[in-house]
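Welcome! Have a look at it before reading on.

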Amino acid sequence: MAFLTGDFHPAFWPLFTPHRYTINQTPQALDDVRAAAHARIDRVMQHLDRLIGQGHHVYRERRTVADAYAFVMTRWTGLLPKTWKDYPNVSRFYARMEQEPTVQDVLRRSA
């Protein structure tokens with residue numbers, strides 16, 4: 001959870017709130033901040049991919065709240081040139097989570 005809350009989630013902040021990371025508020029400056037976030041997001045996605053490894057969950061071999069939290073954030077990579085599909089273990093994890101009835105219900109309700 002420390003990785004997810006302290007590194008993974010914050011890696012996305014410049015993507016969603018670039019104005020917090022530069023005093024220059026021009027459209028180009030904000031786009032530059034967003035672009036710089038891509039490398040940081042890639043690093044945390046690589047780490048998540050290693051954490052999952054050949055398993056099915058973020059933490060050991062049982063589902064925890066970490067799986068739900070990671071699933072939501074990995075969905076955000078759909079906004080990027082490199083998505084969750086580009087990380088083999090994350091991709092497998094994501095596909096498995098997406099098939100869960102509860103996840104399908106939540107996604108349907110939020111659409």
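Is Phe3 buried or exposed? Phe3 is buried, with a relative accessible area of 16%, where buried means under 20%, exposed over 50% and partly exposed in between (1.4 Å probe, protein chains only).

## About the model

This is a predicted model, in which local features need pLDDT of at least 70 and side-chain atom pairs count only at pLDDT 80 or more, while totals for chains, interfaces and linings use all residues. Residues are numbered from 1 along each chain as its sequence is written, and side-chain values use heavy atoms, with hydrogens and water left out.

Phe3 sits in helix α1; helices here are DSSP runs (H or I, at least four residues), numbered from the N terminus. Setting aside neighbours within four places in sequence, Phe3 is in contact (heavy atoms within 4.5 Å) with Phe8, Val44, His47, Leu48 and Leu51.

Let's turn to α4. Its twelve residues should span 16 Å at 1.5 Å a residue, and the end C-alpha atoms are 18 Å apart, which agrees; the expected span is 1.5 Å times one less than the number of residues. Ala66, Asp67, Ala70, Phe71, Met73 and Thr74 of α4 are buried, and what covers the buried residues includes α1, α3, α5 and α6.

The axes of α1 (residues 2-11) and α4 come within 11 Å and cross at roughly 5 degrees. That makes α1 roughly parallel to α4, since angles under 35 degrees count as roughly parallel, over 145 as roughly antiparallel, 65 to 115 as roughly perpendicular and the rest as oblique. Axes are lines fitted to C-alpha atoms, for helices over the stretch in contact, and angles run from 0 to 180 degrees between N-to-C directions. On the α1 side, Leu4, Thr5, Phe8 and His9 meet residues of α4 including Ala66, Tyr69 and Met73.

## Where α3 meets α5

Helices α3 and α5 pack at an angle of about 70 degrees, their axes 7 Å apart. That makes α3 roughly perpendicular to α5. Met45, Leu48, Asp49 and Ile52 from α3 meet Pro88, Asn89, Val90, Arg92 and Phe93 from α5.

## His57 in a loop

What surrounds His57? His57 lies in the loop between α3 (27-52) and α4 (65-76) and is buried, with a relative accessible area of 10%. Leaving out neighbours within four places in sequence, its contacts are Ile52, Arg62, Arg63, Asp67 and Phe93. The side chains of His57 and Asp67 are joined by a polar contact of 3.0 Å.

Methods: Helix = DSSP H or I, 4+ residues; strand = E, 2+ residues; numbered from the N terminus. Polar contact = N/O pair within 3.5 Å; in protein donor to acceptor, adjacent residues only side chain to side chain.
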